[in-house]
Amino acid sequence: MLSRAVSHRSVIELAAIVVIGAATSRPVAQSSTPPAIFTSAQAEAGRTAYERTCGKCHTPSLLGRKGDPGELPPITSLSASYQKFIGPRGVVSPLAGKAFLDRWGGKTAGELIARFQETVDDPFFQFEDMKDETTVNITAYVLQVNGAKPGTQLLTRATGVIVNSTVR
């Protein structure tokens with residue numbers, strides 16, 4: 001009879017612990033909404049600029065090139081300078097996905113813009129119609145493709161938000 005009383009008491013104590021624990025814990029996955037650090041207009045302008053510039057090497061999917069046959073656009077369809085940049089191996093780093101977020105996810109959006117600006121400023125590429133805001137807009141598009149959502153706040157070169165905190 002004593003063991004039955006102890007079992008019953010243990011079950012009640014365990015149930016109380018579960019109820020108290022559930023009432024005081026917060027679900028980790030639903031803790032907060034990621035910050036929206038760019039507008040949909042910035043991302044759309046970035047998409048257009050990306051397609052006519054960066055997308056030629058990094059591909060329309062932003063997944064880069066692995067050097068596999070059949071990657072689009074075909075390397076042979078690109079200018080001689082782009083072909084030289086890509087090189088004989090045909091590899092170009094991704095701007096979307098796990099590998100990209102592993103590399104850039106811990107950096108700020110401003111640092112990502114600065115890195116993209118280095119490429120834009122490289123005379124090797126001779127990008128046309130690259131205004132000051134174009135690199136910022138391309139960054140907004142890259143963030144969106146990686147899962148970040150637009151909002152009302154403008155992305156700027158001074159945006160100090162960590163990239164991984166913006167993506168879902």
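Glutamine 117 sits in helix 6, which covers residues 109–121. Everything here is read from a predicted model. Is glutamine 117 buried or exposed? With a relative accessible area of 15%, glutamine 117 counts as buried, because the cut-off for that label is under 20%. Its side chain still has a polar partner: a polar contact of 2.9 Å links it to the side chain of threonine 135. Once neighbours within four places in sequence are set aside, glutamine 117 is in contact with Thr135 and Arg157.

Stepping back to the whole fold, the protein chain is built from eight helices and two strands. Going along the sequence, these elements come in the order α-α-α-β-α-β-α-α-α-α. The protein chain has 168 residues, and 35% of them count as buried. Among contacts in the protein chain with a separation of 6 or more, 68% are between residues 24 or more positions apart.

Helix 2 makes a handy check on geometry. It runs over residues 40–52, and at 1.5 Å a residue its 13 residues should span 18 Å; the end C-alpha atoms are 19 Å apart, which agrees. Which residues of helix 2 are buried? They are Gln42, Ala43, Gly46, Ala49 and Tyr50. Viewed down the axis of helix 2, the buried residues fall within an arc of 125 degrees, so they line one face of the helix. The cover over these buried residues of helix 2 includes helix 3 (55–58) and helix 7 (132–145).

The largest nonpolar core holds 26 residues, and Phe38, Leu143 and Leu155 are the ones with the most contacts inside it. Helix 2, helix 5 (98–104), helix 6 and helix 7 are the elements that give two or more residues to this core. Helix 7 provides the largest share of this core, with six residues. Apart from this core lies another one, made up of eight residues, including Leu78, Tyr82, Val92 and Val120.

Definitions and conventions
Residues are numbered from 1 along each chain as its sequence is written. This is a predicted model: local features need pLDDT of at least 70, side-chain atom pairs count only at pLDDT 80 or more; totals for chains, interfaces and linings use all residues. Side-chain values use heavy atoms; hydrogens and water are left out. Helices (H or I, at least four residues) and strands (E, at least two) are DSSP runs, numbered from the N terminus. The expected span of a helix is 1.5 Å times one less than its number of residues. Buried means under 20% relative accessible area, exposed over 50%, partly exposed in between (1.4 Å probe, protein chains only). The arc is that of the directions from the helix axis to the C-beta atoms. Contact means heavy atoms within 4.5 Å. A polar contact is a pair of N or O atoms within 3.5 Å; within protein, one must be able to donate a hydrogen and the other to accept it, and residues adjacent in sequence count only if both atoms are side-chain atoms. A nonpolar core is a set of buried Ala, Val, Leu, Ile, Met, Phe, Trp, Tyr and Cys residues joined through side-chain atoms within 4.5 Å.
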